[in-house]
Amino acid sequence: MKRLFLGLVAGLLVGCGSVGTPSTGQLLGAPTSLNLGGRSVTAQAAPTVSGDVFRVHLTVQSGGVTGATLPPLTVTDLYVVTREGVWRSAVGSRLRSCGQQCGLTTLSGPARGLQRGAGVQVVVGLRDLQGRPYLLRDGSVRVR
């Protein structure tokens with residue numbers, strides 16, 4: 001019984017994506033587009049640094065099928081891959097609507113050495129209503 005319980009707990013943790021952080025290779029290999037129910041989902045990030053605060057304005061858009069709406073998604077994590085390593089922030093917020101095919105959020109945290117002009121890769125962790133985790137990467141961007 002004890003083994004069954006431990007096996008179920010371990011399975012739930014792995015299924016929820018809460019065990020471990022993706023490696024830098026996994027983050028850099030994340031797709032720049034997801035196909036969710038026939039809808040192409042992409043992300044655009046606008047990272048900025050102001051003093052000691054790093055802020056990312058994130059827009060997630062749906063395309064593909066005409067009139068397709070953006071599926072309900074929760075932003076679970078934000079990763080910024082830099083030359084120095086990976087900046088990570090746990091988020092856990094729903095995307096606010098910016099139209100039928102668009103959701104947005106603004107995330108912030110300590111700059112931890114990030115500077116204006118730095119080339120970065122922004123990767124967002126998403127979760128759908130069924131609890132399935134996804135990684136979605138914006139193309140290479142510069143911190144403003």
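Predicted model: local features only at pLDDT ≥ 70, side-chain atom pairs only at ≥ 80, totals over all residues.
Two strands pair if DSSP finds at least two bridges between them. Strand E6, residues 96–97, and strand E7, residues 102–110, pair in the antiparallel sense over two bridges. Within this pair, Ser 97 stands opposite Gly 103 in E7. The hairpin of E6 and E7 has four residues between the strands, and there Gly 99 takes a positive phi near 130°.

Let me now turn to the chain as a whole. It contains two helices and ten strands. In what order do they follow one another along the sequence? The pattern is α-α-β-β-β-β-β-β-β-β-β-β. Of the 144 residues in the chain, 37% are buried. If we take the contacts with a separation of 6 or more, 59% of them are between residues 24 or more positions apart. The chain exposes about 8200 Å², and carbon and sulfur atoms supply 54% of that area.

Helix H1 covers 2–16 and helix H2 covers 24–28, with Ser 23 in the loop between them. Is Ser 23 buried or partly exposed? Ser 23 is partly exposed, because its relative accessible area is 35%, and that value falls between the cut-offs of 20% and 50%. In sequence, Ser 23 and Val 86 are 63 residues apart, while their C-alpha atoms are 9.1 Å apart in space.

A second example of this kind is Ala 46, whose place is in strand E2, residues 39–50. Leu 58 lies twelve residues from Ala 46 along the chain, and the two C-alpha atoms are separated by 6.5 Å. Which residues does Ala 46 contact, leaving aside its neighbours within four places in sequence? They are Arg 55, Val 56, His 57 and Arg 144.

To return to Leu 73, and not counting residues up to four places away in sequence, it touches Leu 36, Val 41, Val 60, Arg 94, Leu 95, Leu 126, Arg 127 and Asp 128.

Strand E8 deserves a section of its own. Five bridges join E8 to strand E9, residues 133–137, and the two run antiparallel. Val 124 stands opposite Leu 136 in E9. In the hairpin of E8 and E9, four residues lie between the strands, and Gly 131 takes a positive phi near 85°.

Gln 121 is found in strand E8, residues 119–128. Gln 121 counts as buried because its relative accessible area is 14%, and the cut-off for buried is under 20%. With which side chain does the side chain of Gln 121 make a polar contact? The partner is the side chain of Arg 137, at 2.9 Å. Beyond four places in sequence, the contacts of Gln 121 include Leu 28, Tyr 79, Val 80 and Val 81, as well as Asp 138, Gly 139 and Ser 140.

Finally, I turn to charged side chains. Side chains of opposite charge can pair when their charged atoms come close. How many salt bridges does a search of the whole structure find? The search finds two.

Arg 88 counts as partly exposed because its relative accessibility is 35%. Asp 77, at 13% relative accessibility, counts as buried.

The other salt bridge joins Arg 132 and Asp 128, with 2.8 Å between the closest N and O atoms. Arg 132 has a relative accessibility of 43% and so counts as partly exposed. Asp 128 is buried, with a relative accessible area of 11%.

Key. Residues numbered from 1 in each chain as written. Heavy atoms only, no water. Salt bridge = Lys/Arg side-chain N within 4 Å of Asp/Glu carboxyl O. Buried < 20%, exposed > 50% of the residue type's maximum accessible area, 1.4 Å probe, protein only. Contact = heavy atoms within 4.5 Å. Areas by Shrake-Rupley, 256 points an atom, 1.4 Å probe, with all protein chains shown as cover. Polar contact = N/O pair within 3.5 Å; in protein donor to acceptor, adjacent residues only side chain to side chain.
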